Each structure stands twice: as C-alpha cells, then as structure tokens.
Amino acid sequence: MASLVESGWRYLITNFNDFQLACLGSFFLHESVFFLSGLPFIFLERAGWLSKYKIQTKNNSPAAQEKCITRLVLYHCCVNLPVMIISYPVFKFMGMRSSLPLPSWKVVSTQIIFYFILEDFVFYWGHRVLHTKWLYKHVHSVHHEYATPFGLTSEYAHPAEILFLGFATIIGPAITGPHLITLWLWMVLRVLETVEAHCGYHFPWSLSNFLPVYGGADFHDYHHRLLYTKSGNYSSTFVYMDRIFGTDTGYRKLKALKKTGVEDDGKEM
C-alpha cells in the first residue's frame, strides 16, 4: 500500500509543479470530496429514503437546494480558490513541501489530530463571536438560512464568514508547514466531518454513537433549529468545549427528556 501511494505521488510531482498541486490540486480535490459526499443527502431527502433516520421531519424545497448549490459554486470559485492561491507563499515559507520521501503515518496522524483539536478550539470561539447580535444579523444569518441543514449547507455562508472561520481550518497547517499529502488528508477529513455534521441524518453507524467526544449531525442540527441567542453547540467537531463553557445545556436537557420519554414508553409496554 505504501509503495502504491508513493508511486502515485511520484507521478503527481513529476507532472505538476508545487503551485499547481498546492492550489489547483487542492481546489479540485476539495470540490470533488465536498460535492460527492454532500449531494447524496439531497437525493435522500427528495426521495424520502432512510427517512426514519432524519433528524427533522421538514424537508427543503428543490429551489432552496438549487440556490445553495449555485451560491456554493460561486463562493468556491470567487473566495476559496483565490484564498488558496494567496496563502500558497505563506505555506511554502512555513515549510510545506511536496517532494519525496512522504512523511511517516506517525507524523501524519499526529499532525492531523493536532489540527482537529486546534481547529475545534479556534472555531468554537469564532462561532460564538458570530452569534453576537450585529455579526449574526449581517454575516452569520446567511449560514442559518437553512434551519433544516443538508450536507452541502456546511459551506453555505457569507464570504466574510468563509474567510473568518476558514482561518480555523488553515491555522494548524500554516504554523506546522506539513507535507502536501498531509494537508490534503486533513482537508478531506475536515470536509467529510463538516458535511456529516450538516447532513440532517443520525444513522446507527454515525461516529457520535461510538465516540462520545464527537458531536456529529445530531449535535449540530440542534444548533441550526433554534434562535441564534439560544442555540449553543458552537463547536465544529467535538463536544467538550461546549460542555466546559456551558453552551450545550439546552441540548443536553433535550437529550435527557428524549431518553426519559423512551424509557417511559418502554415501561408502559
């Protein structure tokens, strides 16, 4: 497996330069992973499949879904891609490389874990700031246009928010100067995580069922369906920041009530 990855990477660095891989390659990889992982949830919602796992009964209209896709393509091309190009010199200065040898899995996994922890910390505080009255009204309310989120709404946001919270995603790699393959892996995992958190479905195989510290769709869906002043659940990936600072009390109370209701039903039977 390692030799196969190395052979594939050798082909890339032989046929493309650093700039092409880091900017255009990253952009195309992001778009592919994002839309391939997010679009199926639109089809699930429209077809009504697996509806028993849907967190909210309300569905988005086809027009609302199409509006989201159109805006996303515009924002990705006019905001995300330019940011990737502009930030390239910074990453190079901090030591990012694409050459062989590839980093060991120990190095890659350590950096990825660090990125998730740092991103979650920075995102939590940035997200709380966006829920102040003025910033919510003029910036963050765009993301909350969808009270019933689906996978692609994860990146539907005001351009200012894309830049503001995007900082949380790139700060880890920016200060560590990783190998490009590590950056790509981080990007893929982060995209899959945020799409899952916005997908609107809580499946038996959802990661939050097996990893208590992970938020997931049920945790973040609660944030979307409440008023901005009462929502809580500000973290992107994990739940401990909200637990520490008491911004998940409403969610935990709701979970406790649901659990009690299930237990009561069981006793009646």
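What follows is a short chat about how some labels in this predicted model come about.

Reader: Why are helix 2 and helix 7 called roughly parallel?

Author: Helix 2 (residues 18-47) and helix 7 (residues 180-197) pack at an angle of about 25°, their axes being 10 Å apart. Angles under 35 degrees count as roughly parallel, so that is the label this pair gets. As for handedness, the crossing of helix 2 and helix 7 is right-handed.

Reader: Which residues of helix 2 and helix 7 meet there?

Author: From helix 2, the list includes L21, A22, G25, L29, F34 and F41. Helix 7 brings L180, W184, M187, V188, V191, L192 and V195. Sorted by class, the contact has 13 nonpolar, five polar and no charged residues.

Reader: What makes up the largest nonpolar core?

Author: That core has 42 residues, and those with the most contacts inside it are F34, F41, C68, L72, M96, L152 and L180. Helix 2, helix 3 (62-93), helix 4 (105-130) and helix 7 each supply at least two of its residues. Helix 2 gives the most, with ten residues.

Reader: And what does M96 touch?

Author: Leaving aside residues up to four places away in sequence, M96 touches A22, Y88, F91, G177, P178, L180 and L183. There's also another core, lying apart from the largest one, of five residues, among them F123, L130, V139 and A168.

Reader: Why is S206 called buried?

Author: Buried means under 20% relative accessible area. S206 has 3% relative accessibility, so it counts as buried. S206 sits in the loop between helix 7 and helix 8 (216-224), and touches E196 and Y201, not counting residues up to four places away in sequence.

Reader: Where is the cis peptide bond?

Author: It runs from L100 to P101, with omega near 5°. P101 is in the loop between helix 3 and helix 4.

How values were computed
Residues are numbered from 1 along each chain as its sequence is written. This is a predicted model: local features need pLDDT of at least 70, side-chain atom pairs count only at pLDDT 80 or more; totals for chains, interfaces and linings use all residues. Side-chain values use heavy atoms; hydrogens and water are left out. Axes are lines fitted to C-alpha atoms, for helices over the stretch in contact, and angles run from 0 to 180 degrees between N-to-C directions. Helices (H or I, at least four residues) and strands (E, at least two) are DSSP runs, numbered from the N terminus. Angles under 35 degrees count as roughly parallel, over 145 as roughly antiparallel, 65 to 115 as roughly perpendicular and the rest as oblique. A crossing is left-handed if the near helix is turned anticlockwise from the far one by less than a right angle, and right-handed if clockwise. Contact means heavy atoms within 4.5 Å. Ala, Val, Leu, Ile, Met, Phe, Trp, Tyr, Cys and Pro count as nonpolar, Asp, Glu, Lys and Arg as charged, and the others, Gly among them, as polar. A nonpolar core is a set of buried Ala, Val, Leu, Ile, Met, Phe, Trp, Tyr and Cys residues joined through side-chain atoms within 4.5 Å. Buried means under 20% relative accessible area, exposed over 50%, partly exposed in between (1.4 Å probe, protein chains only).
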